[in-house]
Amino acid sequence: MRITIDRDRCIGSGQCAMTAPGVFTQDDEALVALVPGYEDGTGDPRLLDVPMACPVQAIEISEG
Amino acid sequence: MTETEIRPTGSPAPSFPQDRTCPYQPPQAYTDWRGERPLTQVTLFDGRPAWMVTGHAEGRAMLVDPRLSADWGHPVFPVVVQRTEGRGGLSFPLIGVDDPVHARQRRMLIPSFGVKRMNAIRPMVQELVDQLLDDMLAKGPTADLVSAFALPVPSMAICELLGVPYADHDFFEERSRNFVGAKTTAEADAAFGELYGYLHGLVGKKQAEPGDGLLDELIARQLEEGELDHNEVVMIALVLLLAGHETTVNAISLGALTLLQHPDQLEVLRRDPEAVTGAVEELLRFTSVSDYMVRMAKEDIELGGETIKAGDAVLISISLMNRDGKAYEDPDTFDVRRKARHHVGFGHGIHQCLGQNLARIEIEIALGSLIARIPGLRLAVPVDQVPIKAGHDAQGPVELPVTW
């Protein structure tokens with residue numbers, strides 16, 4: 001699974017961290033960041049919902 | 001599609017906005033428009049035709065589309081409320097500007113409203129909620145839930161965050177009400193002028209004697225470094241102050257009213273306080289306090305088989321998107337156990353609410369504590385006698401007489 005985050009687009013809504021807290025968090029600037037060791041959280045079925053939850057299309061998830 | 005194809009020749013498109021009759025339901029006229037087509041045509045008070053997007057998927061697509069502008073300062077930006085007529089040129093930071101100006105302003109504020117920072121103020125919010133409930137219970141057994149509870153919670157919290165003295169709250173709450181409720185441009189200008197003057201003075205005072213609120217940070221980091229001028233800081237403060245209490249007050253009061261009108265759902269939350277977090281999302285979906293968003297097309301846009309022309313007024317119906325049967329099963333059923341994913345209660349796209357995580361915490365703690373502390377809470381008047389706000393405003397009760 002490949003996760004792409006675009007911090008330039010991010011508006012800090014926190015929707016990603018709310019939807020899949022095992023994978024996404026916010027850094028000190030309140031912008032999207034990956035949780036250290038996030039690979040363990042990629043089994044969360046809600047993860048696939050994150051790109052749709054993001055208000056500014058800053059997150060892409062693709063298989064492989 | 002021409003107008004004659006969608007309604008009888010000569011009959012004007014229905015007027016928008018219309019007032020709700022039930023405080024938590026979109027007006028009947030709106031609900032008649034949803035279903036067949038993802039967009040319809042309406043008429044604004046000044047006779048200008050406007051597109052209204054009613055579909056969930058289509059509305060989300062529009063709210064992220066850079067061909068739609070939110071630039072209130074544009075000379076022909078659509079006017080939905082009479083009080084804002086003729087105020088072209090006055091641009092409101094964050095909410096009334098497009099990128100790149102919007103992005104520059106928002107970037108400065110994102111860290112102050114991050115999830116972790118908001119979670120850190122939970123104890124502060126809980127403390128002020130507890131205090132307000134203590135006072136209400138001591139004075140009871142009746143109260144106006146708006147003035148005794150739903151208004152002071154977000155008002156005190158935003159003052160604390162911004163570093164605005166809450167002692168001045170009577171002054172700015174009254175001006176905010178006058179500004180939002182103004183019938184004419186002159187009334188709105190007078191209230192706006194007083195609010196602006198107050199915050200202008202406060203920013204000046206803070207430059208001389210810095211405190212530790214968000215305004216102080218903005219002044220220190222941005223004004224001093226020349227990234228913001230004095231006017232912009234004052235205008236940002238004004239937008240945050242207005243947005244910080246004009247919306248959440250309604251979410252709390254309308255949320256309480258909706259729960260009181262759905263006793264089975266209230267019972268779910270009484271038995272399982274943990275469910276309040278999810279209930280907040282369902283309340284945001286079901287009640288749609290911000291009923292609509294206003295945009296203007298910068299280019300021609302194809303949507304749902306229609307062409308929205310450059311310069312056309314476009315309204316995004318938050319309340320109908322949140323009740324779209326293609327997105328939600330039984331969309332008109334209030335179900336606190338529902339996973340209300342992808343609701344647009346806070347909007348969508350670059351303008352999605354900056355303070356959403358503050359609002360979530362305030363609504364959750366306020367309603368959770370209200371339910372726990374006052375088990376016998378009920379309306380003191382029949383629901384059809386609860387005065388509610390006009391269709392163009394943030395939706396909610398003007399007063400909410402309760403007893404216990």
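Hello everyone, and let's start with an example. In chain B, Arg323(B) has its charged end over the ring of Phe286(B), 4.0 Å from the ring centre. Arg285(B) does likewise with the ring of Tyr328(B), at 5.1 Å from the centre.

A quick word on what you're looking at. This is a predicted model, where local features need pLDDT of at least 70 and side-chain atom pairs count only at pLDDT 80 or more, while totals for chains, interfaces and linings use all residues. Residues are numbered from 1 along each chain as its sequence is written, chains are lettered from A and ligands numbered from 1 in the order in which they are written, and side-chain values use heavy atoms, with hydrogens and water left out.

Now, rings with rings. Rings of Phe, Tyr and Trp (its six-membered ring) pair if their centres lie within 6.5 Å; planes under 30 degrees apart are stacked, over 60 edge-to-face, and the rest tilted. How many aromatic pairs are there over all chains? The count is 11. One of them joins Phe16(B) and Tyr292(B): the centres are 5.2 Å apart and the planes at 85°, so this pair is edge-to-face. Phe16(B) lies in the loop between helix H1 (3–6) and helix H2 (28–33) of chain B, and Tyr292(B) in strand S5 (residues 292–297), 276 residues apart. (Helices, H or I of at least four residues, and strands, E of at least two, are DSSP runs numbered from the N terminus.)

Next comes a tilted pair, Phe172(B) with Tyr198(B), at 6.1 Å centre to centre and 40° between the planes. Phe172(B) belongs to helix H9 (residues 169–181) of chain B and Tyr198(B) to helix H10 (residues 185–208), 26 residues apart. Phe172(B) is buried at 0% relative accessibility, and Tyr198(B) is buried at 17%.

Finally, look for a cluster linked by ring pairs: Trp72(B), Phe92(B), Phe179(B), Phe192(B) and Tyr196(B).

Technical notes: Buried < 20%, exposed > 50% of the residue type's maximum accessible area, 1.4 Å probe, protein only. Lys NZ or Arg CZ within 6 Å of the ring centre and 35° of its normal.
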